[in-house]
Amino acid sequence: MTTTTGAGAAIGGSGEAGTAAESEGSAESAGTGGSAAADAALRPHAEDAFAHELAALAAADDRPRPPRWRLSPWAVSTYLLGGTLPDGTAITPKYVGPRRIVEVAVATLATDRALLLLGVPGTAKTWVSEHLAAAVSGDSTLLVQGTAGTPEEAIRYGWNYAQLLAAGPSREALVPSPVMRAMAEGMTARVEELTRIPADVQDSLITILSEKTLPIAELGEEVQAVRGFNVIATANDRDRGINELSSALRRRFNTVVLPLPASPEDEVGIVTQRVAQIGASLQLPPVPEAVDEIRRVVTVFRELRDGQTSDGRTKVKSPSGTLSTAEAISVVTGGLALAAHFGDGVLRASDVAAGIQSAVVRDPAADSVVWQEYLETVVRERDGWKDFYRACRELTA
């Protein structure tokens, strides 16, 4: 089953698409309630960064919970979408967009169907995956990171070869994968960038998802999943180096598509909130009045992404990159660092120009032409954008 409802975006870190970029994500601001170690971490896990919110939700949650879930499906959705609890606790939104997208994702996890979060790079699939696992299981660290070199052992199990050579196959010599641990403990496992994993390794999930068992042939045993176990996978079909999912594996997932933000104001709001959080976590000096430049970054990205200006009057060419919300967050965060450390403390066009150009011009040959044409036909003629035009021209002079 594939579900997509309207458009929205997770308030994710500059983590996915190159900044994701799948990344996917940066640290949350301090003060949301975590341990001292978590506060010192550059990027605390969601269950640490938002421990206060999760505890408040658990205390206020009187609805039925699936086996081994920390919260009810209603509370998990509230954690993702935000709200105010009866005791006045404010739950910050982690996703801005149609409520139905989150509800379908949470309802999927409450069944025995695995969840596949699909979207173009930069829609913060990893961010949503992490927060879902944190809210459901209280632990988002049972993670398999998909790459071209991910081996089957990362999904199934491996061996301590010193013990294996000394005494042969045994439970003591076996090294469980995050997925095996999740099966045994009734937790949520995460598989990031599933389509980057080689196809034969991907298919090692088929028996796990369909039979809910993991055979250990060397021991003549199996691990059976206990109630509460499920898998959240993320994937995109836009980057190079992807491997298509087999039809057999795809059938074992419910697919929820995470779209880009529906409106410019939604995207500006997401970027503004995340940049403020990231700036606080990195202890960047505060930079006032940044919203105008944030709106400019979002406008450039959306126009090049959509292939036309915001008023619909002028067609423009689109570059090879995705120009995602996550990349906009990265551009503005870099601009804040420039303004704070090398400027006058005010975010200006010259602080974001280099980041925008770097995000747009991924292919030096083709994208440079697209960018120069956009500068001359759109930016140069736009009222109030002369400073941005000059800053960009200086970079290409």
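Two strands are taken as paired if DSSP finds at least two bridges between them. Helices (H or I, at least four residues) and strands (E, at least two) are DSSP runs, numbered from the N terminus. The model is predicted: local features need pLDDT of at least 70, side-chain atom pairs count only at pLDDT 80 or more, and totals for chains, interfaces and linings use all residues. Residues are numbered from 1 along each chain as its sequence is written, and side-chain values use heavy atoms, with hydrogens and water left out.

Strand S7 (residues 114-118) pairs with S15 in the parallel sense, over five bridges. Leu-118 stands opposite Val-257 of S15. Strand S15 spans residues 253-257 and is mostly covered.

A second pairing is antiparallel. Strand S12 (residues 213-216) is joined to strand S13 (residues 221-224) by four bridges. Pro-215 has Glu-222 of S13 as its bridge partner. The two strands S12 and S13 form a hairpin, with four residues between them. In the turn, Gly-220 has a positive phi of about 65°.

Nonpolar cores were also examined. Such a core is a set of buried Ala, Val, Leu, Ile, Met, Phe, Trp, Tyr and Cys residues joined through side-chain atoms within 4.5 Å. The largest has 39 residues. Val-300, Phe-301 and Trp-371 are among those with the most contacts inside it. Elements giving two or more residues to this core include helix H14 (291-306), helix H16 (349-360) and helix H17 (366-379). Apart from this core lies another, of 34 residues, among them Ala-173, Met-183, Val-231 and Leu-245. Phe-301 touches residues including Leu-323, Val-331 and Ile-356 (heavy atoms within 4.5 Å), not counting residues up to four places away in sequence.

The second largest pocket is lined by 14 residues. Here a pocket is an open set of points on a 1 Å grid over the protein atoms alone, where a 1.4 Å probe fits, with protein on both sides within 12 Å along at least five of seven lines; lining residues have an atom within 4 Å of a point. Its volume, the space filled by probe spheres set on the points, is about 240 Å³. Thr-111, Asp-112, Arg-227, Gly-228 and Phe-229 lie nearest its centre.

Ala-60 belongs to helix H4 (residues 51-60). Ala-60 counts as partly exposed because its relative accessibility is 34%.

Terms used: Buried means under 20% relative accessible area, exposed over 50%, partly exposed in between (1.4 Å probe, protein chains only).
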